[in-house]
Amino acid sequence: MIIDLPGTTTNDVNKRLVKLRDEGGAVALGRVLTLVIDVGDRDVEEAVAAANEASHEHPCRVIVIAPRSAETGRTLNAEIRLGGDAGASEVVVLRPSGDLPAHGDTLVIPLLLPDAPIVIWWPYESPANPSESMLGKMAQRRITDASECAHPFETLRRLSTVYTAGDTDLAWTRITLWRGLLAAALDQPPYEPVQRVVVAGESTHPSVDMIAAWLAQELRCPIEIRREPDAPAITEVRLERRSGDIVLYRPDGKTAALRQPDQPEHRIALPIRQLQECLAEELRRLDPDDVYGEVLTKGLARLDA
């Protein structure tokens, strides 16, 4: 169900939510957090679809800010989405125009769930300093996505200079399974030091840099990045050791082969992670991701050095 509220205020939107809850039995008390999504001037539907899928694991109230920069009048149009149009959440889409987008925090505050954590997600371009932005100051967690920015690598480097506990980026979340497989392989004998690492992947994909930075920070060895145009994200990580290499190879973006000395090759389902999977993973934790912070602030610097 989608309810349009043209020319409204956030106080009126909140009153309508309360009325709908009383009439239809929607239980706001079951929501575990408030997810605020700032899509800028981009379409809202992809972000809302991902939030709806993630809400089945994390019931929440979703507030989407979608400024109408082409309009000059100072108005606020809104939508309330419930039921099948909102997954396990309540979705409020705010479309401010004129100077209202500059007051995003004021728009959002009346709609926040009481005593519930706040997570801010920028699915496209992120602010220069997420933790110091109007929305970022309100949140326990701040999620960016360098892969959707116009300049992914520059975005990661900028984020590394302004990192604050509670920040994270989906370029990091996309490598969770790779990190788990590689760490498990290194936990097996012969426990030799890694002498050199080679990471290969799509030439503009920031997750390639993130996994290389993680390995640089953890292994303190030389790292080579091989950038491959039109490759499906990360395609290979090779850990070179004296007794033989550990190779995790995924040429098709679906199935990986794990090769280790004196062991048969293992075939592993390793599909490219979808947006809703990554968002759901980040919503599972509201504490700072210290490993991400170290990789972003120290690991990337090791690559650049």
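Two strands are taken as paired if DSSP finds at least two bridges between them. Helices (H or I, at least four residues) and strands (E, at least two) are DSSP runs, numbered from the N terminus. This is a predicted model, in which local features need pLDDT of at least 70 and side-chain atom pairs count only at pLDDT 80 or more, while totals for chains, interfaces and linings use all residues. Residues are numbered from 1 along each chain as its sequence is written, and side-chain values use heavy atoms, with hydrogens and water left out.

**The sheet**

Select the eight strands, which form an open sheet of mixed pairing in the order E1-E4-E5-E3-E2-E6-E7-E8. Strand E1 (2–5) and strand E8 (167–169) are at the edges with a single partner strand each, so one side of each has no neighbour in the sheet. From one strand to the next, the twist averages 20° (axes are lines fitted to C-alpha atoms, for helices over the stretch in contact, and angles run from 0 to 180 degrees between N-to-C directions).

E1 and E4 run antiparallel and are joined by four bridges; display Ile2, which stands opposite Arg81 in E4. Move on to E4 and E5, an antiparallel pair with six bridges. Which residue of E5 is the bridge partner of Glu79? Val93 is that partner.

Continue to E3 and E5, where five bridges join strands that run parallel. Here Ile63 is found opposite Val92 in E5. Now colour E5 by accessibility: six of its seven residues are buried (buried means under 20% relative accessible area, exposed over 50%, partly exposed in between, with a 1.4 Å probe and protein chains only).

Next, select helix H2 (45–55). Its buried residues are Ala47, Val48, Ala50, Ala51, Asn52, Ala54 and Ser55. These pack against strands E2 (33–38), E3 (60–65), E4 (76–81), E5 (90–96) and E6 (118–121), and against helix H8 (275–283); contact means heavy atoms within 4.5 Å.

Then select Lys19 in helix H1 (residues 10–24). Lys19 counts as partly exposed because its relative accessibility is 47%. Draw a C-alpha to C-alpha distance from Lys19 to Gly40: the two are 21 residues apart in sequence and 29 Å apart in space.

On a 1 Å grid over the protein atoms alone, a cavity is a set of points where a 1.4 Å probe fits but cannot get out; a pocket is an open set with protein on both sides within 12 Å along at least five of seven lines; lining residues have an atom within 4 Å of a point. Grid points are joined across faces, edges and corners, and a volume is the space filled by probe spheres set on the points.

The largest pocket has a volume of about 310 Å³. Of its 23 lining residues, Arg174, His205, Ile272, Arg273 and Leu275 are the closest to its centre. Helices H2 and H6 (176–186) each supply at least two lining residues. The lining comprises 13 nonpolar, four polar and six charged residues (Ala, Val, Leu, Ile, Met, Phe, Trp, Tyr, Cys and Pro count as nonpolar, Asp, Glu, Lys and Arg as charged, and the others, Gly among them, as polar).

Finally, turn to the cavity. There is one cavity of 30 Å³ or more, and the largest cavity holds about 50 Å³ of space. Select its lining: Pro130, Arg142, Thr144, Leu159, Tyr163, Asp167, Thr168, Tyr292 and Leu296. Strand E7 (141–144), E8 and helix H9 (290–304) each give two or more residues to this lining.
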